[in-house]
Amino acid sequence: FVILFFITALISSCSSNPQLNLSEATLFPKPVSVIETGSSFELNNKTKILINEDSQDLLQVGNYLTSILKPSTGYNLIVESTTQNPKSNSIYLKISNLDSKFGSEGYKLNISEENVIIESRTIEGMFRAIQTLRQVFPDEIEAIDKQEKPWFIATGEIQDYPEYEYRGAMLDVARHFFRVEDVKRYIDLLAAYKLNVLHLHLSDDQGWRIEIKSWPKLTTYGGSTEVGGGEGGFYTQEQYKEIVEYAAANYITVIPEIDMPGHTNAALASYPELNCDNIAPKLYTGTKVGFSTLCTGKEITYKFIDDVVRELVELTPGPYIHIGGDESHVTALEDYIPFINRVQDIVYSYDKKVIGWDEIAHADLKENTTVQFWAREENAKKGIAQNSKVIMSPATKVYLDMKYDSLTKIGLNWAAFIELDSAYLWTPEKFVEGIDRESILGIESPLWSETITNIDDIEYMAFPRIIGHSEIGWTPTSMRNWEDYKSRLIKHTNRLKIKGVNYYDSKLLSE
Ligand code: TNX
């Protein structure tokens with residue numbers, strides 16, 4: 001016994017690294033597997049980031065990792081390409097031929113005392129892995145100023161890949177306009193939880209927010225106000241490109257939405273010819289829905305849509321254009337159906353796929369058209385009957401504009417109050433009988449902005465609910481449970497504070 005004691009003591013004194021436990025790291029979304037090995041790796045100013053391919057995109061992801069680690073550590077880590085196996089004290093970003101189950105977003109993260117090796121099949125997978133690596137570090141890694149402390153991370157191996165390929169957030173920039181910086185901040189926060197889609201609701205009754213050069217009054221006039229009568233605003237095409245590029249660097253696809261034929265008062269006010277009676281209505285700054293419609297029987301309407309879609313497609317590297325289609329209460333169904341059919345044809349003529357709110361399932365859906373379920377189960381099922389995939393956005397679970405409870409000062413409650421437990425406690429493939437796993441493309445959390453006026457409001461309504469949604473989209477259902485999620489989230493609030501996120505401090509987090 002005495003000898004054994006001395007041998008053990010000798011071995012552990014050889015290694016100066018503290019013993020840390022990887023399974024205690026609070027990771028969101030929860031990875032598919034975590035194996036701990038009980039020691040640690042120390043990051044210091046000599047650590048190198050190595051990449052195994054001379055690709056610009058991989059180099060960019062390496063530099064991104066440097067930029068994430070720099071403010072708090074003060075280290076400006078060098079990124080170098082290598083053909084050899086990694087030396088010690090490196091973080092090796094290795095694109096490799098992992099098993100196909102890892103798909104385009106999966107990865108293996110192996111942390112030993114000597115080095116960190118991340119393997120993925122694609123650069124996108126590498127980017128997702130870096131989000132996990134960030135969370136393995138102490139919370140202070142997210143600080144914006146230099147922290148005087150050593151940077152140890154627990155050793156072990158994480159294997160991970162997503163359940164759903166589409167994991168999105170929607171931001172309504174029409175009811176209230178948000179600046180480019182605010183959208184970028186939201187993108188940063190979404191990327192940290194491995195979301196991969198940002199759907200921008202770019203037009204509504206209260207404002208048109210994207211410059212269309214062939215129809216300039218849409219923004220100069222139609223973008224000049226917002227809910228409550230504020231000054232509104234819009235993105236020039238250059239600014240919009242900046243958002244799309246910033247999102248792309250975070251491996252997030254931007255999906256632009258032009259809502260039609262309803263929710264179009266801003267366009268109708270800007271161009272009288274889009275109205276059946278040729279009379280432009282006034283700009284609208286209230287919050288009612290369902291009162292406006294494009295004139296579906298006029299040819300000029302389709303010329304207008306063709307121009308808008310063409311200019312939008314030029315700004316859209318991603319595969320989708322969202323055509324809205326919701327709440328067209330003043331469009332007769334016999335006008336709505338041919339309208340949606342024709343708008344689909346326009347979008348497909350520019351080689352993009354269509355997404356629309358669940359009402360579009362009344363029309364004849366094209367092969368690649370996706371239905372976004374928000375309210376009516378029978379619409380979603382109509383879509384499935386036409387072989388469409390469904391994006392799950394049930395208003396009672398993922399509408400980020402819903403109040404948490406009756407005391408929440410901003411937000412609405414027409415669908416529900418959504419506390420953190422309610423937002424987490426649902427499963428896409430079990431939510432509606434008849435909407436099965438194979439019909440579901442993924443999930444998306446919309447944030448409508450009738451009552452949301454600035455980035456603080458955005459953060460307050462989105463966080464922490466959207467962290468739960470990110471887990472619902474990524475982590476297998478069998479591995480999720482509320483108690484485990486809640487206890488991780490309680491620890492995670494410190495990181496949110498350090499990141500300066502204006503999150504909702506629910507009473508459920510202090511129980
Ligand atoms: C319904 S969800 C709408 C939006 C509103 C939202 C408010 C959907 C497709 N339409 O126009 O902003 O409720 O929660």
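Student: Which side chain is joined to that of Thr-155 by a polar contact, and at what distance?
Tutor: The partner is the side chain of Thr-37, and the polar contact is 2.7 Å (N or O atoms within 3.5 Å, one able to donate a hydrogen and the other to accept it, with residues adjacent in sequence counted only if both atoms are side-chain atoms). This is a predicted model, where local features need pLDDT of at least 70 and side-chain atom pairs pLDDT 80 or more, while totals for chains, interfaces and linings use all residues. Residues are numbered from 1 along each chain, and side-chain values use heavy atoms, without hydrogens and water.

Student: What backbone atom does the Thr-155 side chain reach?
Tutor: The side chain of Thr-155 reaches the backbone nitrogen of Ser-39, at 2.9 Å.

Student: And is Thr-155 buried or exposed?
Tutor: Thr-155 is buried, because its relative accessible area is 1% (buried is under 20%, exposed over 50%, partly exposed in between, with a 1.4 Å probe and protein chains only). Thr-155 sits in strand S7, residues 151–160 (strands are DSSP E runs of at least two residues, helices H or I runs of at least four). Leaving out residues up to four places away in sequence, Thr-155 touches several others, including Leu-22, Ile-35, Phe-41 and Ile-111 (heavy atoms within 4.5 Å).

Student: What does the domain assignment give?
Tutor: The assignment, automatic or from a database, gives domain 1 (15–160) and domain 2 (166–510). Their centres, taken over C-alpha atoms, are separated by 33 Å, and 30 residues of domain 1 are in contact with 27 residues of domain 2.

Student: Why does the largest pocket lie between them?
Tutor: Both domain 1 and domain 2 give residues to the lining of the largest pocket, so the pocket lies between them. About 530 Å³ of space lies in this pocket, and of its 22 lining residues the closest to the centre are Ile-68, Arg-134, Glu-142, Asp-188 and Tyr-246. A pocket is an open set of points on a 1 Å grid where a 1.4 Å probe fits, with protein on both sides within 12 Å along at least five of seven lines, and lining residues have an atom within 4 Å of a point.

Student: Which helix gives the largest share of that lining?
Tutor: H2 does, with seven residues. Helices H2 (56–73), H3 (123–136), H4 (180–192) and H6 (237–249) each supply at least two lining residues.

Terms used:
Points joined across faces, edges and corners; volume = space filled by probe spheres on them.
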